[in-house]
There are 2 protein chains.
Amino acid sequence: MSYDSDNDSMSESTSIGGNNEPIADPVEFPEGDQFKILIATDIHLGYKENDSIRGEDTYKTFEEILQIGVACEVDFILLGGDLFHDTKPTPYCINKCIGLLRKYCLGDKPINFEILSDQRINFNHTVSKQVNYEDPNLNVAIPVFSIHGNHDDPTGKNQISAMDLMASTGLVNYFGRWEDLSKVEINPILLKKGNSLLALYGLSHMSDQRLGRLFLEKKVSIAKPGTLEEEEFFNLLVLHQNRAVRGPKNFIPPDAIPKDIDLVMWGHEHDCRITPEKVADVFITQPGSSVATSLSEGESITKKIGVLTIYKKHFKIDQVELRTVRPFIFEDFTLDLPNVEMEQQLEKSKKSIRNRVEVMIEKAAELNRIPEGILPLIRLRAHYKHEMQVFNAIKFGQQYVGRVANPEDILKFICISGTKQKKAIFDKTLDDNAFAGPHASRVEDIILRYFEDNKNKLFVLSAKGLTEAVVKYIDTNDDDAPQRIMKHQFQKTFDKLKELSPEEDEIEDCIVNLCNMRSSQNDEEEIREVLSNRGEIKRESVILGSDEEAVTISDDDDRDTGIGPSNSSVTPLPAKGPGSRGGRGSRGGRARGTRKKAAA
Amino acid sequence: MSYDSDNDSMSESTSIGGNNEPIADPVEFPEGDQFKILIATDIHLGYKENDSIRGEDTYKTFEEILQIGVACEVDFILLGGDLFHDTKPTPYCINKCIGLLRKYCLGDKPINFEILSDQRINFNHTVSKQVNYEDPNLNVAIPVFSIHGNHDDPTGKNQISAMDLMASTGLVNYFGRWEDLSKVEINPILLKKGNSLLALYGLSHMSDQRLGRLFLEKKVSIAKPGTLEEEEFFNLLVLHQNRAVRGPKNFIPPDAIPKDIDLVMWGHEHDCRITPEKVADVFITQPGSSVATSLSEGESITKKIGVLTIYKKHFKIDQVELRTVRPFIFEDFTLDLPNVEMEQQLEKSKKSIRNRVEVMIEKAAELNRIPEGILPLIRLRAHYKHEMQVFNAIKFGQQYVGRVANPEDILKFICISGTKQKKAIFDKTLDDNAFAGPHASRVEDIILRYFEDNKNKLFVLSAKGLTEAVVKYIDTNDDDAPQRIMKHQFQKTFDKLKELSPEEDEIEDCIVNLCNMRSSQNDEEEIREVLSNRGEIKRESVILGSDEEAVTISDDDDRDTGIGPSNSSVTPLPAKGPGSRGGRGSRGGRARGTRKKAAA
């Protein structure tokens with residue numbers, strides 16, 4: 001695989017002047033005074049690693065990104081979190097990452113910028129406590145700077161993340177990790193290149209609920225550079241959070257972002273909205289993930305990274321389309337067969353869906369991808385009116401083995417309105433009707449509902465703790481999570497019992513009392529603390545917008561709940577408007593944005 | 001922690017002259033012509049990582065080893081496998097290892113030897129295909145050379161081991177990995193320092209059965225240096241195998257080791273026998289593990305590493321006692337209370353055991369360890385005659401919380417001869433008597449016996465495959481092992497069915513026939529192939545010697561089956577002499593050596 005910097009994938013360049021105003025007459029950016037930064041995020045190394053077709057996808061695209069960095073001679077690479085998909089990546093995955101970073105980021109290319117800030121503060125949590133290119137034992141050509149996301153957040157023994165590991169190898173400059181969760185004061189990494197000054201603010205992922213509350217309570221601040229040329233710094237903030245407006249505590253309100261910030265690079269959201277958008281005086285660029293980790297519409301938007309150039313208070317972003325990304329065609333399709341006899345509906349439905357899929361495969365083939373002929377991802381959402389139109393989607397997919405990368409889930413049926421049909425289909429999918437119902441869409445819901453039943457009530461453990469641990473396990477393969485929660489809750493009860501020291505025959509009653517006294521508010525806080533020192537369970541999910549087309553940008557492929565226009569849904573979760581899910585406050589990360597399709 | 005090279009822990013130095021004969025009058029080793037090599041093995045990083053007391057033990061001792069390397073200004077460090085305890089070490093563990101290696105092995109110290117052999121052959125399986133100190137992007141001060149052991153052998157996707165990962169970081173020169181399992185021809189790494197020439201032969205762990213057979217079939221050979229000064233090379237072989245004589249196929253017969261080898265550094269065996277022993281014309285040094293991973297007698301022998309100095313055909317080994325190793329006192333104790341009334345036996349037994357443990361704790365305190373007052377490991381094997389003398393060992397241990405590192409398993413009762421008592425105790429330990437019996441000592445035995453029962457017979461999967469996968473999982477935390485085996489066996493049956501293409505109603509019969517045709521010999525071979533490309537399941541276990549005291553050197557702490565003199569045993573496995581376990585040939589690694597206690 002090679003990257004040609006002269007190809008036409010380098011397109012749309014956005015140039016914006018000082019004071020955050022787009023400038024009609026672009027300033028000339030002198031070579032020696034400009035920072036050239038490759039911006040990318042949510043690379044999710046190791047996603048679907050064991051899939052025989054897609055197993056290497058994340059590595060290939062990461063390699064392409066690094067090759068672009070080399071070809072464009074960037075000063076450094078800036079990543080917005082979720083470099084890894086799993087909390088504990090496999091040796092294969094870590095090995096791949098190390099191999100690629102050593103191949104492309106070490107070498108003799110000189111570093112043409114300097115660091116002005118106190119590195120011991122910027123990299124306080126790392127072993128070396130300094131930028132890698134100042135380590136005399138390493139020959140760094142392109143430094144990589146990264147925050148952590150919700151997938152590679154600190155976990156397990158001593159809260160060591162895969163990102164810490166990369167920092168220890170000296171291949172990544174891991175920044176923006178906060179220990180004090182009661183308030184956040186972001187100290188920037190101050191960089192200087194020629195006449196340009198850059199203040200790089202990093203805010204690694206933490207619970208949206210917590211961060212939202214901190215913003216509301218005005219406990220998030222950015223430290224000014226504290227130098228004479230303070231006003232001359234270009235202030236760049238990198239974060240990895242929900243961008244959607246989801247009630248007062250569940251997102252980062254753009255107007256809460258300090259006015260001094262010139263540009264935000266937004267990680268975590270998977271759809272590419274890299275063209276800077278001005279929101280409440282701040283420009284936001286959202287590169288989006290480099291591979292699709294769900295078969296949702298948002299993930300089908302062309303994947304791009306950016307080359308951000310900064311000269312004094314001016315910046316521009318050159319967008320680079322990623323060519324190794326597996327083609328992904330997403331379509332909604334309505335089975336409108338008004339003049340067809342009932343007994344022929346099935347056959348006609350099959351035929352028209354088959355034709356549609358063929359067209360989609362052709363579309364995919366027209367995309368200019370490397371290697372040529374790479375199997376595409378196809379997702380057709382077929383909206384039906386009559387059950388007669390529905391057939392076995394998995395069996396249907398079998399005919400595309402060898403032509404499509406995801407034959408098992410090409411097709412998804414969605415019932416148009418009719419709640420009765422919806423209910424019928426849903427019931428069919430669960431063997432045990434005891435758990436079936438409009439809310440039981442996810443394993444954690446099933447667990448929670450099971451234990452909420454009085455006859456299955458837990459006394460020492462909390463059902464919420466268990467469910468959150470299961471979610472953490474499913475989403476990031478954090479297989480210690482259930483154990484950590486259980487250990488913590490056992491210990492807590494044990495400690496309280498010791499404190500109360502009841503007689504032997506009173507112990508049981510005492511435990512029941514302790515259980516009843518447990519405040520669910522505090523319980524939730526604690527669960528979050530145990531599961532991650534700084535971010536609680538963080539998940540993508542989907543809430544339907546009420547007046548515009550919703551786009552899923554879930555980062556959990558297997559958990560796609562099937563989203564469509566607001567009047568059609570197969571998810572057993574009732575369609576709700578933003579804000580109506582306050583009762584499920586324990587799931588901070590479920591917020592989801594609604595947006596118009598970006599011009600790809 | 002600091003290491004003082006002038007302390008008195010540097011003791012016993014063994015000097016041996018050319019032609020493998022100890023020399024009375026030691027040759028002088030000129031500084032510029034001698035290789036100075038730190039030799040250590042079985043460091044088992046991450047062992048008991050989650051234990052609140054012992055969690056950091058492996059890291060502390062590894063740090064001490066590296067500090068010794070720095071203090072002694074060795075040319076390089078040579079490791080004999082099992083640097084990691086788990087197949088998939090946690091991010092914390094990998095992070096620790098990387099941090100320590102970067103701290104002690106990078107730097108400006110010049111490398112005073114050169115490599116003469118073709119590095120692409122020596123390091124063919126690594127990304128860089130060269131020694132780390134020739135990488136222009138790394139500043140290596142002390143190169144580390146290592147083979148892999150049975151704990152860090154290749155596994156999972158693309159057979160990537162933790163050792164590969166370390167090779168990719170550039171911190172370890174991983175050698176001696178063989179792809180072709182039908183024959184082994186070991187190509188040496190050829191090194192030259194001044195007038196000394198060293199041929200370093202590495203043989204990473206593979207199944208003892210396989211390797212034993214290859215030796216018998218004369219399919220193991222060492223490639224001569226192939227240079228003019230061929231005869232002048234000092235030939236050093238590193239391997240990680242069973243050393244015990246365990247029937248024709250289950251060990252490495254010392255007389256099979258090529259005559260040209262001057263010295264073998266033997267990994268895998270945990271007891272320290274670092275003083276070179278001459279066996280069939282070859283010298284063998286066995287440094288032993290750096291931490292105890294079981295509470296067996298062999299592990300209680302003083303832990304040492306060596307500084308091996310080689311000058312032309314001469315070598316000597318300076319032994320260095322490890323001072324960070326947690327004190328471990330092991331004792332056998334016979335409850336001989338002939339003149340005590342039956343009703344007083346219990347109390348007297350408790351009292352004398354308590355006294356004994358106190359003495360052992362005092363003994364531990366006298367060991368010169370860092371930090372002072374570190375909690376010791378204590379294991380008392382109490383041999384009893386009457387059941388009256390036995391009490392709850394776990395409850396007994398509780399009184400030593402805060403004084404001993406392993407209160408939960410300080411005490412082990414062993415019945416002297418009397419098989420009746422033995423059976424009674426054994427039955428008590430199993431809830432379900434259906435599985436109880438003289439042979440059901442391990443989970444894999446229970447699984448195997450369950451499925452060997454005709455009414456539980458498996459047709460597509462093989463019980464052997466399942467048990468071996470479970471063993472692999474338990475011993476090295478290789479949690480993919482069961483899945484790999486199942487996938488493989490399903491696929492195999494599926495492929496055969498496709499080949500035979502039976503009618504739909506014949507499929508079931510066909511599967512039964514395929515199952516009956518399955519040869520257990522081939523089955524075992526395949527299982528090994530699937531579980532590891534080169535080594536099958538490899539485990540430590542214990543077989544009682546018939547005429548001398550057996551010493552356990554198991555590397556599976558939790559699986560200590562309680563070994564004692566040949567006439568006393570609590571293990572439900574009947575005591576057998578070597579070679580009598582041919583029927584369980586699938587477990588190549590169970591072999592175990594018997595030896596006299598080394599002079600510590």
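**Exercise 1. The relation between the two chains**

Find what rotation superposes chain B on chain A in this predicted model, and name the residue of chain B that comes closest to the axis.

*Solution.* 
Step 1. Chain B is superposed on chain A by a rotation of 180°, with 0.0 Å of shift along the axis and an RMSD of 0.2 Å.
Step 2. The two copies are therefore related as by a two-fold rotation axis.
Step 3. Among the residues of chain B, B:Leu138 comes closest to this axis, its C-alpha lying at 2.6 Å.
Step 4. Both copies use the same surface, since 100% of the contact residues of chain B recur in chain A.

**Exercise 2. The side of chain B that touches chain A**

State how many residues are in contact, which helix of chain B gives the most, and how the residues divide by type.

*Solution.* 
Step 1. Count the contacts: 29 residues of chain B are in contact with 29 residues of chain A.
Step 2. Look for helices on the side of chain B that touches chain A: helix 2 (91-105) and helix 4 (162-169) of chain B each supply at least two residues.
Step 3. Helix 2 of chain B gives the most, with 7 residues.
Step 4. Sort the residues of this side of chain B: 11 are nonpolar, 13 polar and 5 charged.

**Exercise 3. A residue named in a record**

Locate A:His151, decide whether it is buried or exposed, and list its contacts beyond its neighbours within four places in sequence.

*Solution.* 
Step 1. An unreviewed UniProt entry places the feature "active site" at A:His151.
Step 2. In chain A, A:His151 is in the loop between strand 5 (144-146) and helix 4 (162-169).
Step 3. The cut-off for a buried residue is 20 or more other C-beta atoms within 10 Å. A:His151 has 32 C-beta neighbours inside 10 Å, so A:His151 counts as buried.
Step 4. Leaving aside neighbours within four places in sequence, A:His151 is in contact with A:His44, A:Asp82, A:Phe84, A:His85, A:Thr87 and A:Thr476.

**Exercise 4. A sheet in chain A**

*Solution.* 
Step 1. Strand 12 (residues 263-267) of chain A pairs with strand 11 (residues 233-240) of chain A in the parallel sense over 5 bridges. Here A:His240 has A:Gly267 as its bridge partner.
Step 2. Strand 12 of chain A also runs parallel to strand 14 of chain A, joined by 3 bridges. In this pair, A:Met265 has A:Thr285 as its bridge partner.
Step 3. Strand 14 (residues 282-286) of chain A pairs with strand 13 of chain A in the antiparallel sense over 4 bridges. A:Lys278 stands opposite A:Phe283 of strand 14.
Step 4. In a regular strand, side chains alternate between the two faces of the sheet. In strand 12 of chain A, A:Leu263, A:Met265 and A:Gly267 point one way, while A:Val264 and A:Trp266 point the other way.

**Exercise 5. A helix in chain B**

List the buried residues of helix 5 of chain B and name strands that cover them.

*Solution.* 
Step 1. In helix 5 (residues 208-216) of chain B, the buried residues are B:Asp208, B:Gln209, B:Leu211, B:Gly212 and B:Leu214.
Step 2. Their cover includes strand 7 (184-186) and strand 10 (220-222) of chain B.
Step 3. Just after helix 5 of chain B, B:Lys218 takes a positive phi of about 55°.

How values were computed. Residues are numbered from 1 along each chain as its sequence is written. Chains are lettered from A and ligands numbered from 1 in the order in which they are written. This is a predicted model: local features need pLDDT of at least 70, side-chain atom pairs count only at pLDDT 80 or more; totals for chains, interfaces and linings use all residues. Copies are superposed by least squares on the C-alpha atoms of residues with pLDDT of at least 70 in both. Two residues are in contact if their C-beta atoms, placed from the backbone, lie within 7 Å. UniProt positions are given in the numbering used here, feature names are shortened, and annotations may be inferred rather than shown by experiment. A residue is buried if 20 or more other C-beta atoms lie within 10 Å of its own, exposed if 12 or fewer, and partly exposed in between; C-beta atoms are placed from the backbone. Two strands pair if DSSP finds at least two bridges between them. Ala, Val, Leu, Ile, Met, Phe, Trp, Tyr, Cys and Pro count as nonpolar, Asp, Glu, Lys and Arg as charged, and the others, Gly among them, as polar.
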